[in-house]
Amino acid sequence: MIEKKKNIVIAGAGLVGSMWACYLAKRGHNVQVFERRDDMRKYNMDAGRSINLALSTRGWRALEKIGLKETLEKIAIPMHGRMIHQEDGTKDFQPYGKQGQSIYSISRGDLNIALMNKADENENISFSFNEKTTHLDLKRNTIHFKHTKTDSQSALSPDLIFGADGAFSAVRGAMQKTNMFNYSQQYLEHGYKELTIPPTSDGEHRMDKNALHIWPRKSFMLIALPNLDGSFTVTLFLQFKGDESFESLNNNDTILKFFKKYFPSALEHMPNVIQDFHDNPASSLVTVRCNPWHYENVCLLGDSAHAIVPFYGQGMNAGFEDCFVLDEIIDRHQLGSWKDVFEEYTRDHVKNGHAIATLALRNFIEMRDSTSSHRFLKRKQLERHLMNQFPDKYLSQYQMVTFSTIPYDTALKRGDLQTNFAESLLDDYPDSASWSDPKFLEKVEKWLSLAH
Ligand SMILES: Cc1cc2nc3c(=O)[nH]c(=O)nc-3n(C[C@H](O)[C@H](O)[C@H](O)COP(=O)(O)OP(=O)(O)OC[C@H]3O[C@@H](n4cnc5c(N)ncnc54)[C@H](O)[C@@H]3O)c2cc1C
């Protein structure tokens, strides 16, 4: 029976593993979390670096269920829209959603610490740090660890094992060797490097803090998200190889020239750009798709199940949604078994992981290129018009993904139909003055009645 208290191991105390520990603790299970790194509450892992993430509706919903929403709202900065910094130096603000809708910039470290502290409030949860999962013996349901400092080895055979050990998951690695396990991984030719815009001498933000700043430059781009201390975390997405690439930007001169040429309005706020550029690594971006997300008593959540590129700001949100969805499935199977739970999770939710992976890859093109294209901006304007005119029937794909909890798979399919329709409307009614034409409204109403 599902309510019976279980001994459970979670591999990984990142954002998703720590959240899942909170969900399991509420049900009274004994949970041991094994993390390969040190305890970030004792050692500041990212000293001098402030990495942030965009949190949106799905993430907030999952945080609310474990009682963390209010606490975290106090340390999250609302971003109401994109501030596009065009090549000619002009700026263009594009609201994300309807009035009052925002995504939120939050520090990865502070969020992870809040989740671990919340989990630690429960006596039935323990964290072990510097314990790397090395491999699993799936036949015996045994998970093996190696202490990263002492090299001592240990193993446990709990009732259930959850893999929340990220994109290069050791738990998934064991599942990959089982029969009928589907797996793919795809690297982008682009990588990313984190840089900084420091606060002013008064501790203020140097740009509008309530926006996600984007400098789209077709094949590459720069973005910046605000931090509470007045700084911005800036991320450069760029090809690894080629004429203008991480490989070619290999000395102070080429780095400075590149920023002067493409990002002068960012450079004026980046006094330490050269030092940051040398100090911080260029990291790769991978998409991982797999199916199923469980094997017997072992189950995957977060990036271990679906690592995605960061261009929709949904990786963490999707991982938090895994926790919420799995918890709901458990509720539905109170008289059933964990086998039933895991089977339903794979059957109904894997497709959502695949859908957000697709959407995230597409959004890279949208962010770096389309945000500055006239046609794209016109379609966005039309979509806002349709959302205002038909609020119950028309939600843009971005709205569905970011400001709703409509399954990602539905958002992908419905959004694609809508985009095609909006494009055909634009062909017939390119001028916004014609959008109040009765024929235009009739056409939209007819399409909506067929689409719903
Ligand atoms: C540049 C960038 C920007 C991003 N921006 C956003 C954003 O704005 N919004 C958003 O929603 N998402 C964003 N993401 C995605 C987000 O970071 C991930 O989806 C999220 O961190 C996944 O959480 P996780 O706990 O599943 O995995 P991770 O955060 O990778 O955590 C995994 C944990 O497991 C530990 N671990 C790994 N291997 C082992 C092992 N063998 N044994 C024990 N422990 C192990 C790791 O040390 C880590 O603590 C971004 C990602 C990148 C790269």
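**Terms and values**

Guide: Just after α2, G67 takes a positive phi of about 75 degrees. This is a predicted model: local features need pLDDT of at least 70, side-chain atom pairs count only at pLDDT 80 or more, and totals for chains, interfaces and linings use all residues. Residues are numbered from 1 along each chain as its sequence is written.

Visitor: What makes α2 a helix with buried residues, and which are they?

Guide: Helices are DSSP runs (H or I, at least four residues; strands are E, at least two), numbered from the N terminus. Helix α2 covers residues 57-65. A residue is buried if 20 or more other C-beta atoms, placed from the backbone, lie within 10 Å of its own. In α2 that applies to R58, G59, W60, A62 and L63. They pack against α1, β3, α3 (69-73) and α9.

Visitor: What does M19 touch?

Guide: Contact requires C-beta atoms, placed from the backbone, within 7 Å. Leaving out residues up to four places away in sequence, M19 touches A62, I66, L115, F320 and C323.

Visitor: Which residues have the most contacts inside the largest nonpolar core?

Guide: They are I10, M19, W20 and A21, in a core of 114 residues. A nonpolar core is a set of buried Ala, Val, Leu, Ile, Met, Phe, Trp, Tyr and Cys residues joined through C-beta atoms within 7 Å. Helix α10 gives the most to this core, with 10 residues.

Visitor: Where is the kink in α10 centred?

Guide: On H349, with about 40 degrees. The bend at a residue is the angle between axes fitted to the seven residues ending there and the seven starting there.

Notes: Buried ≥ 20, exposed ≤ 12 C-beta atoms within 10 Å, placed from the backbone. Contact = placed C-beta atoms within 7 Å.
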